[in-house]
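Q: I am new to this structure. Please take me through its features one at a time, with the general idea before each case.

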Amino acid sequence: MEDARTILATHNLCRDFHGFRAVNAVDLAVEEGTVHALVGPNGAGKTTLFNLLTGFLPPTAGGIRFAGTDITRLPPERIARLGVARSFQVTSLFAQMAVREHVELALQARSREKEGRRFWRSERLMRRFEAPAMDVLAEVGLAGLATRPAGSLPYGQKRALELALALALEPRLLLLDEPTAGMGLEDVDRTVALIARIRSGRTVVMVEHNMTVVGTLADTVTVLQRGEVLVTGPYRQVRQDPRVVEAYLGADVA
Ligand SMILES: Nc1ncnc2c1ncn2[C@@H]1O[C@H](COP(=O)(O)OP(=O)(O)OP(=O)(O)O)[C@@H](O)[C@H]1O
């Protein structure tokens with residue numbers, strides 16, 4: 001399954017919670033440059049898998065490789081430094097802080113990692129990140145809102161800012177946790193267009209419940225059920241797979 005284009009791979013990945021196996025023997029191979037969706041009913045283990053991939057949880061068994069490096073038991077910050085960025089489902093913004101300042105701080109953190117801990121936060125320093133921050137904001141369509149307090153943004157734009165913070169880390173692999181959760185149709189469409197744009201030159205793994213979104217964006221879909229991989233393949237193939245229809249898409253298809 002794994003070949004030279006595989007950027008992220010898990011082998012027999014398992015995670016138990018007090019004897020309950022939430023992720024069970026998962027073999028995942030994510031090809032560089034693709035959008036790979038993780039889907040499955042509630043409790044299938046998607047969030048736990050994300051937490052394992054980003055080092056927020058240690059696995060009970062099995063291994064994870066990213067870009068040729070064994071990241072199985074690395075702490076989250078080491079994994080992030082290798083180029084794995086995660087955009088959170090839970091909002092992580094400071095209400096009073098300006099939109100641009102959020103991105104400047106993310107850029108500063110990134111450059112501190114690259115150049116060593118020589119910096120502290122100062123007016124002069126932050127000006128250095130002003131133009132690059134505006135570039136990132138332009139990428140997610142928020143350039144016009146740069147000076148607004150983050151707390152004043154509508155929900156869809158808050159999510160776009162969270163995405164901008166992940167992009168500021170210059171990730172090779174972007175993990176998106178339910179990018180359209182809680183959005184109305186208009187925001188969903190905007191977010192799909194945004195992800196379609198920012199995926200260029202990047203690899204994306206996303207947990208997503210909205211199958212229209214998955215069908216539009218994903219090259220590959222992995223369906224999880226009770227912690228195990230039920231099936232992996234192109235969306236068209238997966239959605240017609242009788243096991244998937246029965247386990248997950250049944251209600252939608254009917
Ligand atoms: N910290 C924990 N302690 C105990 N059980 C947990 C913990 N985290 C997850 N679980 C259990 O593991 C299983 C998988 O949960 P997980 O959140 O990964 O599923 P999910 O596919 O992300 O679901 P959803 O779509 O509802 O977010 C569930 O049965 C859940 O109750």
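A: The protein chain contains 10 helices and 10 strands. Helices (H or I, at least four residues) and strands (E, at least two) are DSSP runs, numbered from the N terminus. The model is predicted: local features need pLDDT of at least 70, side-chain atom pairs count only at pLDDT 80 or more, and totals for chains, interfaces and linings use all residues. Residues are numbered from 1 along each chain as its sequence is written.

Q: How many residues of the protein chain count as buried?
A: A residue is buried if 20 or more other C-beta atoms, placed from the backbone, lie within 10 Å of its own, exposed if 12 or fewer, and partly exposed in between. Here 37% of the 254 residues of the protein chain count as buried.

Q: Which strands form the open sheet of 4 strands, and in what order?
A: Two strands pair if DSSP finds at least two bridges between them. The order in this open sheet is β2-β1-β4-β5, and the pairing is antiparallel. Its edge strands, β2 (20-31) and β5, each pair on one side only.

Q: Which helix packs on that sheet?
A: Contact between two residues requires C-beta atoms, placed from the backbone, within 7 Å. For angles, axes are lines fitted to C-alpha atoms, for helices over the stretch in contact, and the values run from 0 to 180 degrees between N-to-C directions. Helix α1 packs on the sheet and touches β1, β2 and β4; its direction makes about 65 degrees with that of β2. Of the 8 residues of α1, 7 are buried, including Leu49, Phe50 and Leu52. Just after α1, glycine 55 has a positive phi of about 80 degrees.

Q: What do the bridges within this sheet look like?
A: Strands β1 (residues 6-17) and β4 (residues 61-66) pair antiparallel over 5 bridges, and histidine 11 has glycine 63 in β4 as its bridge partner. Between β4 and β5 (residues 69-70), also antiparallel, there are 2 bridges. Phenylalanine 66 stands opposite threonine 69, and arginine 65 opposite aspartate 70. The hairpin of β4 and β5 has 2 residues between the strands, and in it alanine 67 takes a positive phi near 45 degrees.

Q: What is the strand order in the open sheet of 6 strands?
A: The strands run β6-β7-β8-β3-β9-β10, with mixed pairing. Neighbouring strands are turned by 20 degrees against each other on average, direction ignored. Within this sheet, β3 (residues 35-39) and β9 (residues 220-225) run parallel and are joined by 4 bridges; histidine 36 stands opposite threonine 220.

Q: Which residues are around the ligand?
A: A residue is near a molecule if its C-beta atom, placed from the backbone, lies within 6 Å of it. Around the ligand are Phe17, Ala22, Gly40, Asn42, Gly43, Ala44, Gly45, Lys46, Thr47 and Thr48. Helix α1 (residues 46-53) gives the most to this shell, with 3 residues.

Q: Which residues touch the most other members of the largest nonpolar core?
A: Nonpolar side chains tend to be buried together in soluble globular proteins. A nonpolar core is a set of buried Ala, Val, Leu, Ile, Met, Phe, Trp, Tyr and Cys residues joined through C-beta atoms within 7 Å. The largest such core has 62 residues, and those touching the most other members are Ala37, Val103, Leu137, Ala164, Ala168, Leu173 and Leu175. Helix α6 (residues 155-167) supplies the largest share of this core, 7 residues.
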